[in-house]
Amino acid sequence: MPVRVLGLSGSPHRHGNTETLLDAFLEGTREAGAVAEKVILRDLAYSPCRGCNACHKTGNCIVSDDAIPLFDRILSSDCLAVASPIYSMGITAELKGLIDRAQFLWARKFILKTMYFSDDHIRKHKGLFISTAGLSWDNVFDAAFPAVTAFFNTLGFEYYDNIIANDMDRYGGIRGHPTALAEAGEKGRSVVGVIARLHGE
Amino acid sequence: MEIKVLAFAGSPRRGGNSETLLDWVLQAMEQEGGVAIEKVVLTEANVNPCRGCNACEKLNKCVQRDGMDYLHDRIVDADCLILAAPIFCMGICAQAKALIDRFQVFRSRKFVLKLPVVAPEKKGKRMGIFLSTAGQNWDYVFDGAVPTVKCFFHVVDIPDRDIRYLMVNGVDEKGAILSHPSAKADAGRLGRDVVRELGTRMGR
């Protein structure tokens with residue numbers, strides 16, 4: 001069975017730097033034989049988490065919208081690529097809105113203990129964070145990592161790698177960056193190979 | 001001259017821990033007197049996320065027509081800007097992140113168009129307060145939120161030295177902050193200190 005890859009594009013800006021970098025990654029995974037799909041978060045209708053904590057008792061979210069079937073798709077993927085540009089030193093509100101909605105899965109895992117991922121499952125499920133930032137600062141992605149780490153932890157994915165490129169303002173966009181797109185393609189090919197080998201063991 | 005305070009309650013949960021912390025600060029400010037407070041509940045304020053269109057870099061205004069139309073002038077006019085928001089999944093909740101990202105119009109004004117953001121008599125006098133609560137007890141639970149909050153304040157001419165923080169971890173269920181040993185006293189002290197400092201700055 002081919003490796004299933006799901007890319008989430010968290011940018012409100014279609015075909016911008018981050019989505020282009022995600023596309024290069026997904027293309028790399030396809031070259032390695034994966035079935036790769038892309039979801040544009042801004043095209044979905046979902047509301048942010050209401051913080052009602054009802055899921056802490058039931059394990060289910062009281063809000064029924066596009067986020068719920070998306071989590072089913074995420075959980076049936078072998079590789080999850082989460083993409084967002086950096087706005088105000090963090091991920092976009094669209095992506096944060098989705099991440100916060102994973103609370104019902106967090107509750108199943110940590111409060112109700114009705115969901116469990118074995119070490120073997122986590123090893124075979126790889127998560128990558130894809131991001132671009134206009135600023136040149138080395139630390140411009142640092143504040144985004146904790147939420148992405150929490151997201152992959154909740155969903156049973158190993159936080160496998162980052163594909164990140166800063167200084168977009170200087171390069172005049174991702175296509176002007178000397179290495180980022182080639183690196184994204186290479187990482188796409190390589191992660192699919194790694195997952196396929198783990199499946200073969 | 002009254003001290004104008006604009007406070008955002010960023011949590012989707014009404015009357016929860018971060019909003020309680022905010023109410024304690026606002027009560028203490030009110031008791032100092034001479035303060036005009038406006039509290040905005042973000043879930044009712046109709047602030048959509050930034051579309052990333054960058055039009056504000058040319059237009060000096062946002063292309064979206066929503067709750068920010070009402071808030072824009074109040075943000076510029078406030079002497080003290082307060083953001084209260086809980087930590088969800090190791091970051092600031094999505095509702096507050098949407099407001100922060102909409103400050104892009106101020107960032108464009110300040111850094112791209114090089115136009116003033118606040119009136120000259122207010123420059124260097126404004127103060128900001130970030131209030132937050134988190135369910136987890138980890139001491140690094142606020143680390144992902146702070147850089148974002150700094151952007152929020154920096155773009156409206158409130159530099160690091162004028163930002164005050166009160167962040168309380170280990171409070172999860174609604175009302176948990178009520179039994180926290182020091183949060184209420186800390187919030188009261190913070191509210192009083194900031195009003196006194198602003199009073200001095202404004203020559204009262």
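# A chat about chains A and B

Author: Welcome! A pair to begin with: A:Leu80 has A:Gly127 in strand 4 of chain A as its bridge partner. Keep in mind that this is a predicted model.

Reader: Thanks! Which strands are paired there, and in what sense?

Author: Strand 3 (residues 79–83) and strand 4 (residues 126–132) of chain A, which pair in the parallel sense over five bridges. Another residue to look at is A:Ala81, which stands opposite A:Leu128 in strand 4 of chain A.

Reader: And what is the bridge partner of A:Gly7 in strand 3 of chain A?

Author: That is A:Ala81. Strand 1 (residues 4–9) of chain A runs parallel to strand 3 of chain A, and five bridges join them.

Reader: What holds paired strands together in general?

Author: Strands of a sheet pair through backbone hydrogen bonds, in a parallel or an antiparallel way.

Reader: Okay, so what order do the strands have in the sheet of chain A?

Author: The order is 2-1-3-4-5, in an open sheet of five strands with parallel pairing. Strand 2 (35–40) and strand 5 (158–165) of chain A are at the edges with a single partner strand each, so each has one side without a neighbour in the sheet. On average, neighbouring strands of this sheet are turned by 15 degrees against each other, direction ignored.

Reader: Back to strand 3 of chain A. How many of its residues are buried?

Author: Five of the five, so strand 3 of chain A is largely enclosed by the rest of the structure. A:Cys79, A:Ala81 and A:Ala83 point one way from the strand, while A:Leu80 and A:Val82 point the other way.

Reader: Nice. Can we zoom out? What pattern does chain A follow along the sequence?

Author: Chain A reads β-α-β-α-α-β-α-α-α-β-α-β-α-α. In total it has nine helices and five strands.

Reader: What about its overall dimensions?

Author: Taken along the principal axes, the C-alpha atoms of chain A fill a box of roughly 50 × 40 × 30 Å. The radius of gyration of chain A is 17 Å, which agrees with the value near 17 Å for a compact globule, because the chain has 201 residues. Of those 201 residues, 51% count as buried. Looking at contacts in chain A between residues at least 6 apart in sequence, 81% join residues at least 24 apart.

Reader: New topic: how many residues does each chain give to the contact between them?

Author: Chain A gives 30 residues and chain B gives 28 residues. On the side of chain A that touches chain B, helix 4 and helix 7 (145–155) are the elements that give two or more residues. Helix 4 of chain A gives the most, with six residues. By class, that side of chain A has 15 nonpolar, 10 polar and five charged residues.

Reader: At what angle do helix 4 of chain A and helix 4 of chain B cross?

Author: Their axes cross at roughly 175 degrees and come within 8 Å. That is why helix 4 of chain A is roughly antiparallel to helix 4 of chain B. Chain A contributes A:Ala93, A:Lys96, A:Gly97 and A:Asp100 to this helix contact, and chain B contributes B:Ala94, B:Lys97, B:Ala98 and B:Asp101.

Reader: Now chain B. Which residues in helix 5 are buried?

Author: In helix 5 (residues 104–112) of chain B, the buried residues are B:Gln104, B:Val105, B:Phe106, B:Arg107, B:Ser108 and B:Arg109. The buried residues of this helix pack against helix 2 (56–59) and helix 4 of chain B.

Reader: And what follows helix 5 of chain B?

Author: B:Lys114 does, with a positive phi near 55 degrees. B:Lys114 sits in the loop between helix 5 and strand 5 (127–133) of chain B. With 7 C-beta neighbours inside 10 Å, B:Lys114 counts as exposed.

Reader: Where is B:Asp157, and is that residue buried or exposed?

Author: B:Asp157 is in the loop between helix 6 (146–154) and strand 6 (163–168) of chain B. B:Asp157 is buried, with 20 other C-beta atoms within 10 Å. Phi of B:Asp157 is positive too, near 60 degrees, in a residue other than glycine.

Terms used
Residues numbered from 1 in each chain as written. Chains lettered and ligands numbered in written order. Predicted model: local features only at pLDDT ≥ 70, side-chain atom pairs only at ≥ 80, totals over all residues. Axes fitted to C-alpha atoms, helices over the stretch in contact; angles between N-to-C directions. Helix = DSSP H or I, 4+ residues; strand = E, 2+ residues; numbered from the N terminus. Parallel < 35°, antiparallel > 145°, perpendicular 65-115°, else oblique. Contact = placed C-beta atoms within 7 Å. Rg over C-alpha atoms; globule rule 2.2 N^0.38 Å. Buried ≥ 20, exposed ≤ 12 C-beta atoms within 10 Å, placed from the backbone. Nonpolar A, V, L, I, M, F, W, Y, C, P; charged D, E, K, R; others polar. Pairing = 2+ DSSP bridges.
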